[in-house]
Amino acid sequence: MSRYLLGRVLQAIGVVLAISLITFFILNVIPGDPVELMMGEFATPEAIAQVRAQMGLDKPIFAQYFNWLTNMLHGDFGVSYFQHKPVFDMLLNSFGYTARLALFAYVLALVFGLTFGILAAVFHNKFIDRLLMTLSIAGVSAPNFWVAIILQIYFGLTLKWFPISGAKDWNYYVLPAIALGTRYAASISRITRTSMLEVTKQDYMRTASAKGVHGWMLVMKHAFRNALIPVVTVAGTDLGNILTGSMLIETVFTIDGIGKLMVDAINQRDLPLVQGGVMYIATICVIIYLLVDILYAVIDPRIRLGGGAEG
Amino acid sequence: MKKLLVLVMALAMVFAIASVSAENAKVLHFGQINPKVGYDPQTNTNSRATTIEECVVEGLYFWNDQNEEIPVLAEDFPEISEDGLTYTFKLRKGVYFSNGTELTTKDVKYTFERMFNPATGALSTYMYNMIAGAKEMLAGEATELAGFEAVDDYTFKFTLTQPFSCFTKNLGIIYAAIFPQDACEAAGDDWGIGTLVGTGPYVLGDHDNSSVTLTKNANYWGSEPHFDEIIVTLFDDENTKLMAFENGDLDLCQVPTDLYLQYQGTPTADKFHKYYPLGTVFLSINLSDEFDGQPNPLADVRVREAISMAIDRETLVEFIDNGLGTVATSTVNPAQLGFVAREAYPFDPDGAKALLAEAGYPDGVTFTAHIRSTDQPDMVQIQSDLAQAGITMKLELVDAATWTSLRNAGNVQCEWMGWFPLYADPDNNIYSYFHSTNAPGKSVFYNNPEFDALMDAARLSTDDAERAKLYEQADELMSRKDYACIPLYYPNYVFAAQDYVTNFTVGNLIYQICYDVDFDMDLYNAK
């Protein structure tokens, strides 16, 4: 297990570095010069060249990359070209907002997703199943920015229950969490239902039933636990997505999160900020996927990490 | 137990006093899109950042919403030597920065030397680099500004390398705001990020990417500011900003043109007010003989005139821009020096076809316009108009960064442009865009020595009547004979103000939230 973990961690570091390298080169190839953007309409070519030299952008691209990498390994992610703040501080600040929003949205997605999925499977082909799955199709299909605006108009403007923008207190997160979590709740409910229905056809379910296990004990202990593997895969991916920020929800609700930060940085060609953000997103993703793999073994003891699965 | 009781009571009193004072504080809530550029007026030119900066820092002069320049930190307008090269200014006495230090000529010297120090990366040096020694400083050849002389603590002189009639006008722009030397030096790289100290009516308080708090400056030299605090809430979405206004969270905000129509017929629309910025929207055209290695049809003035004739400006303003504009008859805006009422540009698709045939293009012409997403509604309409006259305008949608790079390199053939001066003088927008020294950087390449001579003469003259005449001739030449650009319309903008907001003014895209604006307290308390 520990050998497997060490291997996975080394692999993760390699993935993150490869992503950083690819991003660095892509950003340098696409049109759009950050110095020209920064210096404005009336900058002379000499002034642009001077600033480019000050920022080290006149050096060969490999030298720029290794310079950035060395600084990053020393904890220095650089300074934003446009906001002139340390990138690390900006990421940390935005992570706080994204993490709070993600927490609310994810809890909501898990609670509603699992509950609806289990209920739909238990009441398979009954009215509740049809109702919940219709809702889940609507949840998956509705664009989250549209859900966000509807929530703002109804619960913010009309009923005045919740603030429509900002992130000053917990109540500010209610509407964005619903808007963000709806789609994930819907996808988790659908995969839970499908997986549960698959499991209920298995021999061991009939055996448990024959042994006299009935009702919710049968559903939760025998069916749900065995149905969890695909659910964990989807829910894990969803967690990675939520934690890397949602540009649309953060923009609509004016939350200073990672998604919005990254999109602005890309539009402005704020290279240090984009690089820092990409490192953050890549790191979050590889950690989540690693945790999901470990969780497989915890949920299903037949899975042995690094040694293949027993039949 | 008694001690605990006393402590609880004391705490309760503190909270009670705090809540009462908070309730009684007069606070203006203003909403705008997040500028995301910091608040140092030397290193950004963003009008939304300027709205905040103008509350905190002041310059020698100020342009108000009536397009009048008024002395602020300068006692009066300068004495100008006969040769037009030396300007003598007197600072207002008894003006203190919000940190308690007095404004003197050393702060003026420091401010301009900081601006010309290449390490600062100041963006607007082109407006002030006619001061002797400025170019040497910018080139890193000098560390002191040779053209500055401090006569005493309150009197100083600027010496220019050549006469420039707009020098005092340029000093009225916030880019020349005066900073306190000690505070600015102490702040270092944090200036404009965490720290900004000035002589303005408000002090920069807590600020982040969500909001900026401006508190009343107790040391302010002018009349007492109307509000205890101004809270600027920063949005990323225009829709959300307007919802916040509808919800009563904001007292004031700008209304984007594309959302103007959807509010018509609602009570919110009654709170909308139009204002008229100085700018003009036009089709900017690359006039070089070749473009992308091919002969450029747009180099032929007849093709450019045909384009102008093919565009239905009335429809464009009425239906695409929701009536928020006035059809343009020239590049100079009606509020600017040198504007004269001219006949409307003809809308004549058949005439355009005939003109194209005369120019040797009986089958029409094809060219490409690089556009940003915000330019799309106007440009799609224009594309459709041009097609009626056999002109094919291909639209290539790019992001703002790509657009800037292409344009700076002269690689844009045609583009939508809204170009706004900082004050009502054509030197600030027409010279800066169309003079042959500036046109290549705008991907325009207009080069008519006659036009240049008129613009240069207007820079030297100090007689505004003479300058108006020169600009009138230059505009006629550029907009009506050479069709160096295709003027489309003078845009109107809209802001929303709650019923109790009084005296709100907007000066050239800058929301003047810190001067005249006030509340009618009877209406405010009744809300």
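## A walk through two chains

In chain A, helix α6(A) passes helix α8(A) in a left-handed crossing. Keep in mind that you are looking at a predicted model. Two packed helices are described by the angle between their axes and the distance between the axes. Here, α6, covering residues 127–141 of chain A, and α8, covering residues 174–200 of chain A, pack at an angle of about 135°, and their axes are 8 Å apart. That angle makes α6(A) oblique to α8(A), because an angle has to be over 145 degrees to count as roughly antiparallel.

So who does the touching? On the α6(A) side you'll find A:L132, A:S136, A:G139 and A:V140. On the α8(A) side, the residues include A:T182, A:R183, A:A185 and A:A186. Sort the residues of this contact by class and you get 4 nonpolar, 5 polar and 2 charged.

Now zoom out to the whole of chain A. This chain is divided into domain 1, residues 2–73, and domain 2, residues 88–304. Taken over C-alpha atoms, the centres of the two domains of chain A are separated by 33 Å. The domains still meet: 14 residues from domain 1 of chain A and 12 residues from domain 2 of chain A make up the contact. On the domain 1 side, two or more residues each come from α1 (2–29) and α2 (34–39) of chain A. Helix α1(A) gives the largest share of that side, with 9 residues. By class, the domain 1 side has 9 nonpolar, 3 polar and 2 charged residues.

Next, see how the chains meet. Here 29 residues of chain B are in contact with 32 residues of chain A. On the chain B side, α7 (238–246) and α13 (400–408) each supply at least two residues. Of these, α13(B) gives the most, with 7 residues. The chain B side divides into 11 nonpolar, 12 polar and 6 charged residues.

Most residues other than glycine have a negative phi. A:K160, though, has a phi near 55°, which is positive. You'll find A:K160 in the loop between α7 (144–158) and α8 of chain A. Is A:K160 buried or exposed? A:K160 is exposed, because it has 11 other C-beta atoms within 10 Å, and 12 or fewer counts as exposed.

Chain B has a case too: phi of B:D292 is near 55°, again a positive value in a residue other than glycine. B:D292 sits in the loop between β14 (290–291) and β15 (294–295) of chain B. With 9 other C-beta atoms within 10 Å, B:D292 is exposed.

Technical notes:
Residues are numbered from 1 along each chain as its sequence is written. Chains are lettered from A and ligands numbered from 1 in the order in which they are written. This is a predicted model: local features need pLDDT of at least 70, side-chain atom pairs count only at pLDDT 80 or more; totals for chains, interfaces and linings use all residues. Two residues are in contact if their C-beta atoms, placed from the backbone, lie within 7 Å. Helices (H or I, at least four residues) and strands (E, at least two) are DSSP runs, numbered from the N terminus. Ala, Val, Leu, Ile, Met, Phe, Trp, Tyr, Cys and Pro count as nonpolar, Asp, Glu, Lys and Arg as charged, and the others, Gly among them, as polar. Axes are lines fitted to C-alpha atoms, for helices over the stretch in contact, and angles run from 0 to 180 degrees between N-to-C directions. Angles under 35 degrees count as roughly parallel, over 145 as roughly antiparallel, 65 to 115 as roughly perpendicular and the rest as oblique. A crossing is left-handed if the near helix is turned anticlockwise from the far one by less than a right angle, and right-handed if clockwise. Domain bounds come from an automatic or database domain assignment. A residue is buried if 20 or more other C-beta atoms lie within 10 Å of its own, exposed if 12 or fewer, and partly exposed in between; C-beta atoms are placed from the backbone.
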